[in-house]
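I opened my notebook to record what I looked up in this structure. The entries follow in the order I made them.

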Amino acid sequence: MSGESTTYEQDGPEAKAIAKFLPYFPFKGIPRFYDIGGFLAAPEVFQNIVDIFASRYADIGIDSVAGLDARGFILGPPIALALKKPFIMMRKEGKMPNTIKSNEYNTEYGKRSGLTVQRDRIKEGDRVLIIDDLVATGGTLSSAIQLVKGCGGTVVECACVVELKMFIDPPADSGLPNRTKLFTEASIEETPVWGLVSEDVLTNEAELPKEYVDDGEEH
């Protein structure tokens, strides 16, 4: 990674190149499920994503990087290593000892029990960067943000490879969950969220075999 900081725009040239490696599938009943396995299979693309995130946060002043269960565990560690910062796991309940838990939250898949973090990982005044693969309704991120705040820390930003903008502030009659409303009701509206790629440039439909079936399970 270069020591120089570069500004990367959502859906900019780098994002459009990465989007080619993010195919979508009909999965878990969702018509467009974006699969990060595409860029994980392309080391140069995965490295580029890590470099972009590390460059964005190199000079912002963070104390740790927190990754969300489970794909945040893939993206978070290489970014933390590039920044030379500790990596913190935010896991589903019952997976780690000596934890504290956030409240239940809703996602596009339904209600989930709160995320957990080990008690000594986030200290008063810590500046934490939260990493996940995708933000849609914002339910998982809201749980993570409240967990950091409950430990006395501050979330510098929530960073995701993909941001589905359709959920940011949809019309009231759309029937879609509203991330802005969710964050406001949780008193976390000041927490910034950034995604490198949006659905506007995610046009790579996966080529599926005739025998393909949607066998996705809820997690």
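This is a predicted model: local features need pLDDT of at least 70, side-chain atom pairs count only at pLDDT 80 or more; totals for chains, interfaces and linings use all residues.

Entry 1. E1 covers residues 24-27 and E2 covers residues 30-34. The two strands run antiparallel and are joined by 3 bridges. I looked up Phe27 and found that its bridge partner in E2 is Ile30. There are 2 residues between the strands, and Lys28 in this hairpin has a positive phi near 55 degrees.

Entry 2. How many aromatic pairs does a search of the whole structure find? I noted 6. One of them is Tyr24 with Tyr34: the ring centres are 6.1 Å apart and the planes stand at 75 degrees, so I wrote the pair down as edge-to-face. The cut-off for that label is an angle over 60 degrees. Tyr24 belongs to E1 and Tyr34 to E2, so this pair ties together parts that are 10 residues apart in sequence.

Entry 3. Are the two tyrosines of this pair, Tyr24 and Tyr34, buried or exposed? Tyr24 is buried, with a relative accessible area of 9%. Tyr34 also counts as buried, at 9% relative accessibility. I then took the pair of Phe25 and Tyr212, whose ring centres are 6.4 Å apart and whose planes are at 35 degrees, so this pair is tilted. It links distant parts of the chain, as Phe25 is in E1 and Tyr212 is in the segment after strand E11, 187 residues apart.

Entry 4. I checked for charges over rings. The charged end of Arg32 sits over the ring of Tyr24, 4.1 Å from the ring centre. The charged end of Arg56 sits over the ring of Trp194, at 4.0 Å from its centre.

Entry 5. I moved to Asp132, found in strand E9 (residues 127-135). Asp132 has a relative accessible area of 9%, so it is buried. Leaving aside neighbours within four places in sequence, its contacts include Leu68, Arg71, Ala159 and Cys160.

Entry 6. Last, I looked at helix H5, residues 139-150. At 1.5 Å a residue, its 12 residues should span 16 Å, and the end C-alpha atoms are 17 Å apart, which agrees. H5 is mostly covered, with 9 of its 12 residues buried; among them are Leu141, Ile145 and Val148. Gly152 follows H5 and has a positive phi near 95 degrees.

Definitions and conventions. Residues are numbered from 1 along each chain as its sequence is written. Side-chain values use heavy atoms; hydrogens and water are left out. Helices (H or I, at least four residues) and strands (E, at least two) are DSSP runs, numbered from the N terminus. The expected span of a helix is 1.5 Å times one less than its number of residues. Buried means under 20% relative accessible area, exposed over 50%, partly exposed in between (1.4 Å probe, protein chains only). Two strands pair if DSSP finds at least two bridges between them. Contact means heavy atoms within 4.5 Å. Rings of Phe, Tyr and Trp (its six-membered ring) pair if their centres lie within 6.5 Å; planes under 30 degrees apart count as stacked, over 60 as edge-to-face and the rest as tilted. A charge sits over a ring if NZ of Lys or CZ of Arg is within 6 Å of the ring centre and within 35 degrees of the ring normal.
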